[in-house]
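Visitor: I'd like a walk through this model, one question at a time. Can you show it to me first?

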Amino acid sequence: MYSGYLTLAERCSVCGLELARNDSGDGPAVLLIFVLGFLVVPVALIVSMNVDWPLWLHTVLWGTVILGLTLGMLRPAKAYFIALQYRHNRSAFTGGAES
């Protein structure tokens, strides 16, 4: 599905579906911002209330956690959004008129 880290291939190597014309936009990034913010921020607050680490250590730790989770989940999120586009607007993938 991908020719690079986040670059879509022109066509699917298995079925030949034209992928390059369709893009997920900012949807996966926004989804991950909301989901990871909802999941990681409470954990970070609980940890900061129970341990006495310096502020710079919290910044490094939680910044690394958020960045790692975001980069790790971005490809699957983008694939999910493209799958949703295919499911709900298949004509855009086959070259037909968009509805």
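**A guided tour**

Guide: Of the 99 residues in the protein chain, 21% are buried, where buried means under 20% relative accessible area, exposed over 50% and partly exposed in between (1.4 Å probe, protein chains only). This is a predicted model, so local features need pLDDT of at least 70 and side-chain atom pairs count only at pLDDT 80 or more, while totals for chains, interfaces and linings use all residues. Residues are numbered from 1 along each chain as its sequence is written, and side-chain values use heavy atoms, with hydrogens and water left out.

Visitor: What order do the elements of the protein chain run in, from the N terminus on?

Guide: Helices (H or I, at least four residues) and strands (E, at least two) are DSSP runs, numbered from the N terminus. The protein chain has three helices and zero strands. Read from the N terminus on, the order is α-α-α.

Visitor: What radius of gyration does the protein chain have, next to a compact globule of 99 residues?

Guide: The radius is taken over C-alpha atoms, and the globule rule is 2.2 Å times the number of residues to the power 0.38. Along the principal axes, the C-alpha atoms fill a box of roughly 60 × 25 × 15 Å. A compact globule of 99 residues would come out near 13 Å, but the protein chain has 18 Å.

Visitor: Among contacts between residues at least 6 apart in sequence, what share joins residues at least 24 apart?

Guide: Contact here means heavy atoms within 4.5 Å. Val-65 has its place in helix H2. The share you asked for is 57%.

Visitor: Which residues form the largest nonpolar core?

Guide: A nonpolar core is a set of buried Ala, Val, Leu, Ile, Met, Phe, Trp, Tyr and Cys residues joined through side-chain atoms within 4.5 Å. Ile-82 qualifies as buried because its relative accessibility is 3%. The largest core has six residues: Tyr-2, Leu-8, Leu-17, Leu-19, Ile-82 and Phe-93.

Visitor: Leaving aside neighbours within four places in sequence, which residues is Ile-82 in contact with?

Guide: Start from its place, helix H2. One of its partners, Leu-8, also touches Met-1, Tyr-2, Ser-3, Leu-19, Asn-22 and Lys-78, again not counting residues up to four places away. For Ile-82 the list reads Met-1, Leu-8, Leu-19, Ser-24 and Phe-93.

Visitor: Is Ser-24 buried or exposed?

Guide: Ser-24 lies in the segment before helix H1 (27–50). Beyond four places in sequence, Ser-24 touches Lys-78, Phe-81, Ile-82 and Gln-85. Its relative accessible area is 10%, so Ser-24 is buried.

Visitor: And Lys-78, is that one buried or exposed?

Guide: Lys-78 sits in helix H2 (residues 55–88). Leaving out residues up to four places away, Lys-78 touches Tyr-2, Leu-6, Leu-8, Asp-23, Ser-24 and Pro-28. With 12% relative accessibility, Lys-78 counts as buried.

Visitor: Why does Leu-6 count as partly exposed?

Guide: Leu-6 is found in the segment before H1. Neighbours within four places aside, Leu-6 is in contact with Leu-74, Arg-75 and Lys-78. Leu-6 counts as partly exposed because its relative accessibility is 27%.

Visitor: How far from Glu-18 is Ala-92, C-alpha to C-alpha?

Guide: Ala-92 has its place in helix H3 (residues 90–94). It counts as buried because its relative accessibility is 4%. Ala-92 and Glu-18 are 74 residues apart along the chain, and their C-alpha atoms are separated by 9.4 Å.

Visitor: How far apart lie the centres of the positive and negative side chains?

Guide: Lys and Arg count as positive and Asp and Glu as negative, while His and the chain ends are not counted. Each charge is placed at NZ of Lys, CZ of Arg, CG of Asp or CD of Glu. The protein chain has 6 positive and 6 negative side chains, and the centres of the two sets lie 11 Å apart.
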